[in-house]
Amino acid sequence: MSTTATVFLANIPSPDQGVWHLGPISLRAYALCILAGILIALWWGDRRLVARGAEKGTVLDIAVWAVPFGLIGGRLYHVITDYHQYFGPGRNPLDALAIWNGGLGIWGAIALGGVGAWIACRRRGIPLPVVADAIAPGIIVAQAVGRVGNWFNQELYGGPTDLPWGLEIYQRVNPETGLNDPLNGVAIDHTPIAVVHPTFLYELLWNVLVALVIVWADRRFRLGHGRVFALYVAGYTLGRFWIELMRTDQATEILGVRVNVYVSVLVFLGALVYLLVAPKGREDPSVLAVTRTDDDGDVPADGDTAATPRTPARPAGTEPRQPRRPAGGTDRSDGDGTS
């Protein structure tokens, strides 16, 4: 066996295709990975928010606003920063709407998704920082799952490499016409046209590492007031900075540097400042003990009877029983859905 063939056996192969057609229905791996990531984030985020004192299902109610806003924001960011893919000679501007073909910018998703979450939190009378802290680990795990979709699309990779974990890139063609079709086609010939750094995999592994770190830090230091979310942002941008420098796919640049490199630096600094100035400790669970009963969704003013406690009223002159605490005076709940 030749040396070249031996190297190929040690590499990471790309999937033959990223789209499967079931009659008129197209199943796209990228879309399925995004959906799976969202479901994981919602499930884990809800468990963490319940552990902080909220009602079960609160995160799902907030997601009704946050997820659509986030998808729109992510697509807008991608189209703006990679406008050359959609506008100009030979380009079809309508492709900017084809979100199923890949292309979501995380910072647009976080920014506009945060607006949707803020609206939902305001309607329920819940502080946004508490919700952000609860969903932070799930968000970055969702990003890791989404990177698997980039593998199916043969995108987000770096320059050539002879490392044993190099990613093989295949030529995909339309089986009916034989014409080149990188996104929707099928790889018939498994001879690599390139072996490159799998930067999508580097980011996937980095995201999982950041998720573990922020869960540990949250449990160890009982973070609150948005500091868990800020730690997630700082950790993610730290990795995105060096991974972005490795990527070779076409992107908008400023002074020869990819625009996402600048964004990573600026967002990292912002998250770092927030970590330093935000209040220490964690919010009292009582801040989540209010549900909305008003019909118009507005936040009631202080003292407004539209905000009602979830716990039943107590007879006058009695005090609530304090929960028993284990030795050492620490809470049993770690705030991450576990005890």
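Biologist: At what angle do helix α5 and helix α7 pack, and how does that class the pair?
Modeller: The axes of α5 (residues 128-152) and α7 (residues 227-246) lie 7 Å apart at an angle of about 25°. Helices here are DSSP runs of H or I of at least four residues, strands are runs of E of at least two, and both are numbered from the N terminus. Axes are lines fitted to C-alpha atoms, for helices over the stretch in contact, and angles run from 0 to 180 degrees between N-to-C directions. Angles under 35 degrees count as roughly parallel, over 145 as roughly antiparallel, 65 to 115 as roughly perpendicular and the rest as oblique, so α5 and α7 are roughly parallel.

Biologist: What should I keep in mind about the source of these values?
Modeller: Residues are numbered from 1 along each chain as its sequence is written, and side-chain values use heavy atoms, leaving out hydrogens and water. The model is predicted: local features need pLDDT of at least 70, side-chain atom pairs count only at pLDDT 80 or more, and totals for chains, interfaces and linings use all residues.

Biologist: Which residues of α7 make the contact with α5?
Modeller: Contact means heavy atoms within 4.5 Å. On the α5 side, the contact is made by Ala132, Asp133, Ala136, Ile139, Ile140, Gln143 and Arg147. Facing these from α7 are Arg227, Val228, Phe229, Tyr232, Tyr236 and Arg240.

Biologist: How many charged residues are in the contact of α5 with α7?
Modeller: Ala, Val, Leu, Ile, Met, Phe, Trp, Tyr, Cys and Pro count as nonpolar, Asp, Glu, Lys and Arg as charged, and the others, Gly among them, as polar. By that scheme the contact of α5 with α7 has 8 nonpolar residues and 1 polar, and the charged ones number 4.

Biologist: Is α5 roughly parallel or antiparallel to α6?
Modeller: The axes of α5 and α6 are 9 Å apart, and the angle is about 165°. That angle makes α5 and α6 roughly antiparallel.

Biologist: How many nonpolar residues does the contact of α5 with α6 have?
Modeller: From α5 the contact includes Pro137, Val141, Ala144 and Trp151, and from α6 it includes Phe200, Leu204, Val208 and Ile214. By class, 3 residues are polar and 2 charged, while the nonpolar count is 14.

Biologist: Is glutamate 244 buried or exposed?
Modeller: Glutamate 244 is found in helix α7. Not counting residues up to four places away in sequence, Glu244 touches Arg258, Asn260 and Val261. Its relative accessible area is 1%, so glutamate 244 is buried.

Biologist: What percentage of the residues of the chain count as buried?
Modeller: The chain contains 8 helices and 10 strands. Of its 339 residues, the buried percentage is 44%.

Technical notes: Buried < 20%, exposed > 50% of the residue type's maximum accessible area, 1.4 Å probe, protein only.
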